[in-house]
Amino acid sequence: MTEVTRERVREAYAALGSGDRARILEYYSEDLRWLVPGNHPLAGWYESLDAFLELMGQTHKLTGGTFRMDLEAVLVGEDCSADVCRNVALRAGAADASGSPYERMDYPVFHFMRWQGGRIVEGRDGLFGDSATAFSQFWAPFAPDGTRRDR
């Protein structure tokens, strides 16, 4: 059994950022379940690795490739990990100087992950205080082509 370590968590993030499915499968289960909180179109459970990767692709599209998760702290247990990332992004089409919560994301996000056999089988995002509201505002309704429906 592969031990859950801080380094393994960091490697899982790097694999996800690589976009290389074979590398991602070293850390994430095909049967992955992932919960995104909030009251917005991206909120809810993602019930497979493919669904989760589609979510990540959507975040990339909606932010014009600016979305990133900067890992700040990692805790590990026997079959779980918890981390805090600073999530940073600018909605596609927004002015670089925008400070609107509908256009700019820059706040901490908590992730809790369950591991089995060296892979993540379940993950949950968590938000702190007003960040929950800002998260829902940032991912507010959009059209299928990625344009904002309303501001």
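## SnoaL-like domain

UniProt, in an unreviewed entry, places the feature "domain: SnoaL-like" at residues 9-122; UniProt positions are given in the numbering used here, feature names are shortened, and annotations may be inferred rather than shown by experiment. In this span, 25% is helix and 43% is strand, and the end C-alpha atoms lie 13 Å apart. Helices (H or I, at least four residues) and strands (E, at least two) are DSSP runs, numbered from the N terminus.

The model is predicted: local features need pLDDT of at least 70, side-chain atom pairs count only at pLDDT 80 or more, and totals for chains, interfaces and linings use all residues. Residues are numbered from 1 along each chain as its sequence is written, and side-chain values use heavy atoms, with hydrogens and water left out.

## Helix α1

Helix α1 covers residues 6-18, and its 13 residues should span 18 Å at 1.5 Å a residue; the end C-alpha atoms are 19 Å apart, which agrees. The expected span of a helix is 1.5 Å times one less than its number of residues.

Arg-8, Val-9, Ala-12, Tyr-13, Ala-15 and Leu-16 are the buried residues of α1, where buried means under 20% relative accessible area, exposed over 50% and partly exposed in between (1.4 Å probe, protein chains only). They cover an arc of only 160° around the axis, which puts them on the same side of α1; the arc is that of the directions from the helix axis to the C-beta atoms.

## Helix α3

Helix α3 has 14 residues, which should span 20 Å at 1.5 Å a residue, and its end C-alpha atoms are 20 Å apart, in agreement. Leu-49, Phe-52, Leu-55, Met-56, Thr-59 and Leu-62 are buried in α3. They lie on the same side of α3, because they cover an arc of only 155° around the axis.

The face turned away from the buried side of α3 carries the exposed residues Glu-54 and His-60. The cover over the buried residues of α3 includes α1, α2 (21-24), β1, β2 (44-46) and β3. Gly-64 follows α3 and has a positive phi near 60°.

## Cavity and pocket

On a 1 Å grid over the protein atoms alone, a cavity is a set of points where a 1.4 Å probe fits but cannot get out, and a pocket is an open set with protein on both sides within 12 Å along at least five of seven lines; lining residues have an atom within 4 Å of a point. Grid points are joined across faces, edges and corners, and a volume is the space filled by probe spheres set on the points. There is one cavity of 30 Å³ or more. The largest cavity holds about 210 Å³ of space. Its lining has 18 residues, and Trp-34, Met-56, Phe-67, Met-69 and Asp-125 lie nearest its centre. α3 gives the most to this lining, with four residues.

The largest pocket has a volume of about 310 Å³. Of its 14 lining residues, Leu-16, Gly-17, Met-56, Phe-67 and Met-69 are the closest to its centre. The largest share of the pocket lining, five residues, again comes from α3.

## Helix α4 and Arg-104

In helix α4 (residues 131-138), Ser-131, Ala-134, Phe-135, Ser-136 and Phe-138 are buried. The buried residues of α4 pack against β1 (28-36), β4 (80-90), β5 (104-116) and β6 (119-127).

Arg-104 lies in strand β5 and counts as partly exposed, at 30% relative accessibility. Leaving aside neighbours within four places in sequence, Arg-104 is in contact (heavy atoms within 4.5 Å) with Ala-89, Leu-90, Ala-95, Asp-96, Ala-97, Ser-98 and Phe-138.
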